[in-house]
Amino acid sequence: LQKAEAVQQADIDEAARRCYSYFETFSAQHMNDTAAYYLELRASLDTTNSLWMSDVADFNYVYVADYEKALTYYNTALRLATSEFGENDHHVASLYTNIGLVMETLGRFDEEEEYAFKALNIWQTYYPENLTQNALAYNNLGSLYFQTADLEKALQYYSQAMELYDQATDAEPKDFVTMYNNLAVIFSYLEDYDQALEYMQRALTLYSEHYGTENETIAALY
């Protein structure tokens, strides 16, 4: 029985490896529906693997724009991750974040707020030393309140995110560019144009220093 189980597991592992290889091949060719098929096929080989479920959800959300399917896989991944890692694990926090982003895309802002605060609570309580993830959680809430036109709350959470990025040692230049841009947009809507221009100029300077001036992001900042 042990030998049979070992052979069966080896077959599953090999099939999973091939599925992911096919996924990479078709994804590189931008054949997203076919790539998604192979990710889903891999997930079907082990329906207890939360990370594989999450991979399917991520790809369907970002590249296929099948938001309902993404939500289904995220919820399955959340149930599995909570059981495997515990309800306060960083995997669970990341899934709360991703579910919240899907909710935002679907315009379900009340549900997005619920998941965004669940994610923030885990990062604040159990991983306070991870400043970049805490900053991202604040940034997501800022985005939510911007979408719902609550500009004061958006500014509050964007500012808290900026403070954490300033303290973090592993923050990337793109993180600061994103925050400068977000703050600039808020100040623009609040008609504080001098402050908006200052943050936009910071974003432009920082991005050009690290990534060059011949790209779409620089064009958007101009």
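Helices are DSSP runs of H or I with at least four residues, numbered from the N terminus. The views below show a predicted model.

Figure 1. Just after helix 7, the residue Ala 149 has a positive phi of about 65°. Helix 7 itself comprises 17 residues, and its first and last C-alpha atoms are 24 Å apart, close to the 24 Å expected at 1.5 Å a residue. This helix is mostly covered, with twelve of its 17 residues buried. Among the buried residues are Thr 132, Asn 134, Ala 137, Tyr 138, Asn 140, Leu 141, Leu 144 and Tyr 145. The buried residues of helix 7 pack against helix 5, helix 6, helix 8 (151-167) and helix 9 (173-189).

Figure 2. Asn 139 is placed in helix 7. Because its relative accessibility is 11%, and under 20% means buried, Asn 139 counts as buried. Apart from its neighbours within four places in sequence, Asn 139 is in contact with Tyr 158, Ala 161, Met 179 and Asn 182. Arg 17 lies 122 residues from Asn 139 in sequence, and the two are 36 Å apart in space, C-alpha to C-alpha.

Figure 3. Buried residues of helix 5 include Val 92, Leu 95, Tyr 96, Thr 97, Ile 99, Gly 100, Val 102 and Met 103. The cover over the buried residues of helix 5 includes helix 3 (50-64), helix 4 (67-85), helix 6 and helix 7. Gly 107, which follows helix 5, has a positive phi near 75°.

**Figure 4. Close-up of the largest cavity.** The structure holds one cavity of 30 Å³ or more. The space in the largest cavity amounts to about 70 Å³. Its lining consists of Tyr 96, Thr 97, Gly 100, Leu 101, Glu 112, Ala 116, Ala 119, Ala 137 and Asn 140. Helix 5 (90-105), helix 6 (109-126) and helix 7 (131-147) are the elements that each give two or more residues to this lining. Helix 5 provides the largest share, four residues. By residue class, the lining of the largest cavity has five nonpolar, three polar and one charged residue.

**Figure 5. Close-up of the ring pair between helix 5 and helix 6.** The structure contains 18 aromatic pairs. In one of them, the ring centres of Tyr 96 and Tyr 115 are 5.9 Å apart and the planes stand at 40°, so the pair is tilted. Tyr 96 belongs to helix 5 and Tyr 115 to helix 6, so this pair ties together parts that are 19 residues apart in sequence. Both Tyr 96 and Tyr 115 are buried.

**Figure 6. Close-up of the ring pair between helix 9 and helix 10.** Tyr 180 and Tyr 199 form a tilted aromatic pair, 6.1 Å centre to centre with 35° between the planes. Because Tyr 180 lies in helix 9 and Tyr 199 in helix 10 (residues 193-211), the pair ties together parts that are 19 residues apart in sequence. Tyr 180 is buried, with a relative accessible area of 13%. Tyr 199 also counts as buried, at 15% relative accessibility. Ring pairs link Tyr 180 and Tyr 199 with Tyr 165, Phe 176 and Phe 187 in a cluster.

Conventions. Residues numbered from 1 in each chain as written. Predicted model: local features only at pLDDT ≥ 70, side-chain atom pairs only at ≥ 80, totals over all residues. Heavy atoms only, no water. 1 Å grid on protein atoms, 1.4 Å probe; cavity = no way out; pocket = protein on both sides within 12 Å on 5 of 7 lines; lining within 4 Å. Points joined across faces, edges and corners; volume = space filled by probe spheres on them. Nonpolar A, V, L, I, M, F, W, Y, C, P; charged D, E, K, R; others polar. Expected span 1.5 Å × (residues − 1). Buried < 20%, exposed > 50% of the residue type's maximum accessible area, 1.4 Å probe, protein only. Contact = heavy atoms within 4.5 Å. Phe/Tyr/Trp six-rings, centres within 6.5 Å; stacked < 30°, edge-to-face > 60°.
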